[in-house]
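Hi everyone, thanks for making time today. I'd like to walk you through a model, so please have the viewer open.

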Amino acid sequence: MQRFILIILIFTFSETVLGQTVSMASLLREMVNREVITRFPNYQTHQTSSYNRASVSPNAPGWFADSDGVFCIREETNSSGEKEWVLMEDTGAGVITKIWAVCFYYNMADTTGANINIYIDGAETPTIHTNFFQLVKGHDFVKAPLAAETRRAGNLYLPIPYAKSCKITMDKKVFYNSICYRRYPEGTKIESFSMDIFRKNQSLVDSVNHILSQGVKTPLSQVEKRDEIILHPKQQVTIKLPKGERAISDLSINIGNGNVLRQTVMKMIFDQETTVWSPIGDFFSVGTGIIPYEMWERAVTSNGDMRCRWLMPYQKRAAIMFENLSDTIVRLKYSYTTIPYKWDNNSMYFHAHWESGEPTPGFPLFDYNMVEIDGKGIYVGDQFTVLNPAEGWWGEGDEKVWVDHEKFPSLFGTGTEDYYGWAGGIVPTSKDQFSEPFLANIRVADPNSKGYNTCSRTRTLDAIPFSKHLQFDIESSGSMRYNWFHLLYAINTYWYAVPGATDNTRELKEYASQAPMTLDSLIRYNTQIKQQGYSVEGAIEAENLTTYQWTEGAKQTEEIVIWGDKSGGKIKGFTLEEKASVSVRLTELFTKKNLKICIVTNHAGGDIDIQINGQMIKTINLYSEHAAMPVIDLGTFNPIDNALEITFTARKKTQLGIDYFLTE
């Protein structure tokens with residue numbers, strides 16, 4: 001009976017609570033209240049992680065640097081004379097909303113790792129001091145699913161509020177981690193976390209764990225309407241929802257286990273704004289075939305029932321349109337429930353859009369845009385599907401989230417699998433499939449990820465508000481860095497936004513009307529591209545230039561470690577001692593030119609000065625633990641005597657590998 005009462009209290013949590021003191025208890029209630037996320041909040045979301053600090057700008061060599069697991073804010077000595085590594089530090093009112101950590105320490109055999117210390121409000125002794133891995137795996141005072149092991153990693157979702165400051169450290173050198181946290185406006189009332197408060201709220205913690213473990217099975221209301229429709233090829237059917245201030249609270253769809261999951265599309269229109277367009281299967285993360293899973297907002301059963309519990313409010317009217325883009329008849333069963341909803345100035349519409357297209361080359365590396373939004377809203381999740389045509393890892397890429405046109409991303413991650421809450425260390429197989437309330441590795445292909453793979457993440461307390469603009473990118477980066485090697489992406493993004501917000505998505509009927517590309521088709525596609533060879537269009541190939549000059553201490557070399565394809569099949573390489581220089585002239589240039597260079601970074605690289613026509617332009621660091629071949633934008637220049645002379649001078653001994661120049 002006590003648990004039942006607590007569950008009722010959680011789901012009657014209202015908007016008025018948001019104006020009161022922020023506490024662990026209020027945040028736990030917010031976590032499981034589906035209405036809260038529909039209203040624009042009063043906090044900002046940030047993330048700190050162990051990403052490679054060589055990533056400072058899209059125009060610097062380290063933007064796609066790997067080796068993301070050994071960096072932190074600083075190293076320091078505590079009051080007891082012991083060394084600590086600072087992972088996160090914030091001043092002001094805030095809340096730790098999510099902590100992820102890989103749960104092996106520098107090698108797969110060490111699953112003990114380090115201790116974590118969480119210092120609240122400037123205290124010299126940590127409020128939480130425990131084994132890092134045990135904490136995030138749910139083997140300490142926080143139990144699953146608020147803390148749970150996934151695959152070689154763990155995720156902690158217990159909210160840890162602080163009124164004045166928070167600092168998180170490790171007592172051994174840093175290894176892969178990521179920490180999401182909120183910042184509240186000055187003057188926000190915060191009840192700081194303590195273990196006493198946790199113990200006093202143990203019943204509430206247990207109830208939230210129970211609710212989360214139920215996922216979409218948690219009973220909220222009865223089904224309002226249930227029906228079946230027959231969709232003939234190319235036919236559309238529109239379902240009108242009850243009028244008035246209401247919200248969809250439950251939506252279920254079943255189109256069987258056939259091959260039309262991609263080709264049957266769902267569109268949602270709220271108050272004359274189309275905010276959802278997606279193949280039904282992809283909306284539920286099963287666009288390439290039914291696989292059962294269960295998360296907090298979405299779930300799929302083995303018989304093809306697909307259920308969504310995101311709350312979707314509207315002011316006056318709403319409709320759901322189903323369209324059959326296939327050449328076969330589709331039998332679609334659906335049900336929905338709507339509930340009364342009080343619309344106010346902070347209320348937002350639910351958005352979901354699908355993005356796919358042609359196969360994407362594995363090189364050069366680039367930031368794959370998930371979505372870009374103009375307006376005011378909050379980002380709440382995504383699903384990422386990739387067709388991988390070879391055994392091996394496909395997801396080295398870090399997520400980068402830019403909020404309100406900031407100069408550097410608020411959130412910068414350490415790898416695709418890390419973003420989705422699990423970890424590499426080995427090439428994943430179907431044994432690595434899992435689903436937790438906010439994270440799921442829904443599909444992993446065998447053998448060794450060759451085939452279709454799908455991950456999904458839902459954000460609640462770690463949702464990302466934006467007041468003007470949001471850009472969500474994820475690096476297209478795998479272990480096969482060849483221009484001929486292509487992956488195929490199909491992603492969905494989910495967010496809420498105020499009326500009038502716009503985004504860069506479109507209705508991709510030309511791709512949704514096709515059955516998902518087969519593995520054999522992508523392999524054949526890659527074979528054809530490989531036979532064509534790789535040359536960057538418009539490139540001035542470095543190895544073909546004859547205008548090089550170099551000083552004493554510089555010599556040519558072919559022994560350069562690279563990770564990436566070579567335009568034209570070759571590069572130009574030098575070894576430079578300290579203060580040695582190499583120069584090269586690009587001639588026959590008659591107008592102002594933008595100059596880019598594809599250059600090698602590796603473990604033998606060092607700092608190097610770049611001059612253009614005698615003018616110092618910038619110093620770049622060519623060191624990288626994992627070799628790479630970034631393209632660097634050097635700027636726009638006026639040729640002198642119809643030429644640009646580029647001079648590279650080593651500040652310390654370094655290798656210099658140049659693939660090509662681009663003048664635009």
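First, the ground rules. This is a predicted model, in which local features need pLDDT of at least 70 and side-chain atom pairs count only at pLDDT 80 or more, while totals for chains, interfaces and linings use all residues. Residues are numbered from 1 along each chain as its sequence is written, and side-chain values use heavy atoms, with hydrogens and water left out.

Let's start with charges. How many salt bridges does a search of the whole structure find? There are 26, where a salt bridge is a side-chain nitrogen of Lys or Arg within 4 Å of a carboxyl oxygen of Asp or Glu.

Please look at Glu76 and Lys167, whose closest N and O atoms sit 2.6 Å apart in a salt bridge. The two belong to distant parts of the chain, 91 residues apart, with Glu76 in strand E2 (residues 74–77) and Lys167 in strand E10 (residues 165–170). On those labels, helices (H or I, at least four residues) and strands (E, at least two) are DSSP runs, numbered from the N terminus. Both Glu76 and Lys167 are buried; buried means under 20% relative accessible area, exposed means over 50%, and partly exposed is in between, with a 1.4 Å probe and protein chains only. Glu76 and Lys167 also belong to a network of salt bridges that takes in Arg74 and Glu89.

Next come Glu475 and Lys400, a salt bridge with 2.8 Å between the closest N and O atoms. Here too the pair links distant parts of the chain: Glu475 is in strand E33 (residues 469–476), Lys400 is in strand E27 (residues 399–403), and they are 75 residues apart. Glu475 has a relative accessible area of 3%, so it counts as buried. Lys400 is buried as well, at 0%.

Asp609 sits in strand E42 (residues 607–612), and Arg651, 42 residues away, is in the loop between strand E45 (644–650) and strand E46 (654–663). Are these two residues buried or exposed? Asp609 is buried, at 14% relative accessibility, whereas Arg651 is partly exposed, at 48%.

Now for the cavities. On a 1 Å grid over the protein atoms alone, a cavity is a set of points where a 1.4 Å probe fits but cannot get out, and lining residues have an atom within 4 Å of a point. Grid points are joined across faces, edges and corners, and a volume is the space filled by probe spheres set on the points. That gives eight cavities of 30 Å³ or more.

The largest cavity has a volume of about 120 Å³. It is lined by 16 residues, and Met31, Asn33, Arg34, Ile37 and Thr460 lie nearest its centre. By class, that lining holds eight nonpolar, two polar and six charged residues. For the classes, Ala, Val, Leu, Ile, Met, Phe, Trp, Tyr, Cys and Pro count as nonpolar, Asp, Glu, Lys and Arg as charged, and the others, Gly among them, as polar.

The second largest cavity has a volume of about 90 Å³. It has 13 lining residues, with Gln47, Ser178, Asp418, Tyr419 and Arg457 closest to the centre. Which element gives the most to this lining? That is E11, with three residues. The classes here are four nonpolar, five polar and four charged.

On to helix H9 (residues 519–532). Its 14 residues reach 21 Å from first C-alpha to last, close to the 20 Å expected at 1.5 Å a residue, where the expected span is 1.5 Å times one less than the number of residues. Leu522, Asn526 and Ile529 are buried in H9. Seen down the axis, the buried residues of H9 fall within an arc of 65°, so they line one face of the helix; the arc is that of the directions from the helix axis to the C-beta atoms.

Finally, the backbone. Most residues other than glycine have a negative phi, and most peptide bonds are trans. The bond from Phe363 to Pro364 is cis, with omega near 0°, and so is the one joining Asp446 and Pro447, with omega about 0°. Pro447 lies in the loop between strand E30 (439–443) and strand E31 (451–458). That loop also holds Ser449, whose phi is positive, near 70°. Ser449 is buried, at 0% relative accessible area. Gln272 also has a positive phi near 70°, but Gln272 is exposed, at 73%.

Key. On a 1 Å grid over the protein atoms alone, a cavity is a set of points where a 1.4 Å probe fits but cannot get out, and a pocket is an open set with protein on both sides within 12 Å along at least five of seven lines; lining residues have an atom within 4 Å of a point.
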